[in-house]
Amino acid sequence: MAEHHDGHGQLDTKSDKGHDAHHGDAHHINYKKIYFTLLALLAVSIIGPEFGIVWVTLVTAFGIALVKTQLVVNNFMHLKWEKRIMKWVLTTSLVLMGLMMAGVSVDILNHEGNNWENVAAQAAVERGLPGHEGELAVEEETEAEPVAAAFNAPQMFGLVCASCHGTAGDGTGPAGAALTPPPANFTDPAFWATRDRARIVTVIREGAPAVGGSPLMVGWSASFTPEQIEQLADHVMSLRPGQ
Amino acid sequence: MAHTATETALHGDLHHDAHAHEHHGPQGILKYIWSTDHKMIAMQYLFTGMFMGLIGAYYAYVFRMQTAFPGVSVPGFGQVSPGEYNALVTSHGSIMIFWVAMPVLIAAFGNYLIPLMIGADDMVFPRINRLSYQIFLLSAIILIVSFFVPGGAFGGAWTAYPPLSAVGEYNQTNLGSSLWLLAVALEFVAFLLGGINFITTLMNSRAPGMKAYDIPLVCWMIVIASILFMLSVGPLIAGAVMLFMDQTIGTGFFDPARGGDPILWQHLFWFFGHPEVYVVLLPAVGITIDIIATFARKKVFGYKLMLYTTVATGVLSFFVWAHHQFVAGIDPRMANVFTVTTLLISVPIAELLFVIIATLYGGAIKLTTPMLWALAFIAEFLIGGVTGIFLGASGADIYFHDTYFVLAHFHYTFFPIAIIGTFAAFTYWFPKMFGKMMNDTLGKIHFWGTIIPFNIIFIPLFVLGMGGEHRRIYNYEHFPELAGDGMFLLRRIATVALLVMLAFQLVFFYNCFISWRKGAKAGKNPWNSNTLEWTTESPPPHGNWPEGLPNVYRGPYEYAHPDRKDDFWPQNEPA
Amino acid sequence: MAFPKPQATLRSATGIPTGRLAVWWLLASEVVIFGGVLGSYLMFRLGHPEWADAAAVTNTYIGAINTFVLLTSSFTAVLAHQAAEKGDGKKAAGFLLLTIGGALTFLMIKSYEWTTEIMHGYTITSNGFWQFYYTAAGLHALHVIAGAIIMGIVAMDAYRGRELQRVELIGIYWHFVDVVWIFLFPLLYIAK
């Protein structure tokens, strides 16, 4: 946690006092030398991986990153000559990052722990490792919203509608069990006595209140294109008794 | 004093002469857009925040009516559909935290008070101050716009857990969810900018003679809160960028179907989310202690104790975040760790309350309206705090998580913070801000008409929570074990109490209006308080002390000094 | 007429000039933001060894060139500061312009690099590695752009001999942007 009280309680009203004090020391920095050191370190960090030894790569890559950072921060940003409080503040930021990673990595880094496992991530790792080429789960064409040409209405019905209407469309989905009125039963002839395809399309698009029904059936125009709604209506029509 | 061209160039325009500051700022209607005066910007934040509070309260009214009388058309809204219910609770939570509590407690009162209380003429970066308000206003507008787009407002709860929040198909509010995220992100940027202003001003721009321990506690609290905010919001900004990309271009940071990890979002969210509650708590505590010192006519019991305890609280607040995730599927070993840290943090917070109570002891207490609000803060926050202990124990939390017990707990903490704290500060500093005294009788009516109903709203909710009532359920009739008459009775009692409480707010607005128009003129220092803001005119002119900024000779709470005739001793009076 | 600064801006109870104090606090918050992104990447990467194939695609040499460009631009930024300290606004502006040139070079190289990668089919949604690659480097690039714009404004003032103290401040911000890249480079390029 950052110190927020300064150690001096200075009554300084001139803004240049600290400015001069620290720059007096900083005049001795040879910026050119620091710059060439940085370039040399860069070269080492590129050569390091060429050896192919993992720990050499890590040390040269990250170790050197740390050294370069220290050089830039201290000498270019003059942190070495800055008042102590700012060093504390920046250190606190870094420590908090470490804290965050420590707390989070236990869940994110591992895909299984004490009585739990992350099935989705394990599957992703499996698919991606050599021997599973061509099974990469996510490619550019597939998207979360099924707006590509391969819109599968029955599958979408199962995903989105069946929770209330049941997979067979008979109104017995688990989420619909406690609803009043109950979800429509598309396998009931009596249902179709007073309804036609046009009404189905309207209800899917705008929700049941558009035809005087219950607000429990919401409209889906925000989620599906008109063509997709037509395909869903086709699927609902296919659930009629005798189809 | 000679200035070389170099010096002037290096250090900008120098104004050693107070009279050189003749620039009075824009006039007329334009001053509401272009003014950089910290007091104007504070008012802007205050009124925007209060306006958003009205919206948030309206939403609470609607969803409480739906909960208590399911399926009945709500007067002033209509039928509530499940999607709308979700949007209402999401918006209520988001608005109250990000667009009411933070702007009012930190941005409004911080902006108004910090320069005045440290004897400065403005914030150190007035133009960035104005910019931060404008970004904030933009964020509020974007949020409001999200209510009217196709699909409606985001309904995935203010915590926005993916994959619900990441996949438009699941949350049904494609556009609304992205706008919500954008609004939150902009609000964060506004407060990062504001935080830099506050911290730098407090660190650097104090009056000559004002040492660190001469700063009024409310200023410390607001600045420490800003520091907490700045150091904790980063991971969430990172997460928000990632979530936005998941929502809009289909990346898979958090969506398990695409190889992502939803628990990462939770961690990123709560790493910020927990310090956030202390970000809003600290200013409220600061407001309370300043008011109590003034109306108990006593020094703060332990100024340094309070300061260091607050720092300890701030540090500890970074170590407790996963107590929001006990049943989310985190590693149970981490649950052990976070239980210990969470129970530990109750210690410094309790200590803060003890210091406040100890300050009261032996004081010459004056029960003015602001004092009543400050006392109510202690009592109500105490209840909120102790109920948090139940939730901090991971074993008990397995039952309590996502029930109304949690909800009642955090309303017993947030309501004192955001509402009681606001009314305390508003009634206390109204004379300074507007130059008129508020009507004390109306103030007391408003006070009791808020506090009593508040308790009647939320105590039943504790009971309901213990009875198993889950949060964020649109219609409890769907759950037979929660649909009993007894439970519905409690829900209705709470909702009726809410209606009463909302009605009493009209007293407040009426009081504001008539006090502003016809209230008794307030002098410089109607409360005989010690701190610097009371040494200038009410309201303070541009530049705060045009005749010259004050010097400081003593601490902020020198009340009842034995050698003095007056029972107070302003900071700027020479010894 | 220049904006008249309040006396508050010119005070310095800590001894650190106000502008510099503010930039350090800004950096403190930026450390936490980038820490969030990079930390998340690190945790994911360590848990997803199958990203190694994707990670191998990034061109270490282009990354190294960009590192060189940014280091050089940091060098010119600190030379600008040195000139400003001596009161030479025109020289400082010149060095700042070189720094902006470095920023633009960096961005051009990055555009070329990303275009090539995208044309080969490595888009942001291809794979977990790529989503982090574009997000982290993209966030960094946004900071480069913002920094270059502000640097331009500071350079214009400095050329006229005004607000020379701001040369140091934009320099400190710029060095931070460089430091973030110093970490991005091994994370995204070297560590396959």
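Author: In chain A, helix α2 (residues 31–47) packs against helix α3 (residues 54–76) at an angle of about 170°, the axes lying 9 Å apart. Here axes are lines fitted to C-alpha atoms, for helices over the stretch in contact, and angles run from 0 to 180 degrees between N-to-C directions. Helices are DSSP runs of H or I of at least four residues, strands are runs of E of at least two, and both are numbered from the N terminus. α2(A) and α3(A) are therefore roughly antiparallel to each other (under 35 degrees is roughly parallel, over 145 roughly antiparallel, 65 to 115 roughly perpendicular, and the rest oblique). On the side of α2(A), the residues that meet α3(A) are A:Tyr31, A:Ile34, A:Thr37, A:Leu38, A:Leu41, A:Leu42, A:Val44 and A:Ser45. Their partners in α3(A) are A:Thr60, A:Ile64, A:Val67, A:Lys68, A:Leu71, A:Val72, A:Asn75 and A:Phe76; contact means heavy atoms within 4.5 Å.

The model is predicted: local features need pLDDT of at least 70, side-chain atom pairs count only at pLDDT 80 or more, and totals for chains, interfaces and linings use all residues. Residues are numbered from 1 along each chain as its sequence is written, chains are lettered from A and ligands numbered from 1 in the order in which they are written, and side-chain values use heavy atoms, leaving out hydrogens and water.

Turning to chain B, B:His38 is found in helix α3 (residues 38–68). B:His38 is buried, with a relative accessible area of 0% (buried is under 20%, exposed over 50%, partly exposed in between, with a 1.4 Å probe and protein chains only). The side chain of B:His38 reaches the backbone oxygen of B:Asn111 at 2.7 Å. Not counting residues up to four places away in sequence, B:His38 touches residues including B:Tyr112, B:Pro115, B:Asp121 and B:Asn544.

B:Phe381, in helix α12 (residues 369–392) of chain B, counts as buried at 6% relative accessibility. Its C-alpha atom is separated by 5.9 Å from that of B:Tyr412, 31 residues apart along the chain. B:Tyr412 is also in contact with B:Phe381, as are B:Leu281, B:Ile349 and B:Pro416, among others.

Chain C has seven helices and zero strands. Its C-alpha trace spans about 55 × 30 × 25 Å along its principal axes, and buried residues make up 72% of its 192 residues. Among contacts in chain C between residues at least 6 apart in sequence, 76% join residues at least 24 apart.

Key:
Polar contact = N/O pair within 3.5 Å; in protein donor to acceptor, adjacent residues only side chain to side chain.
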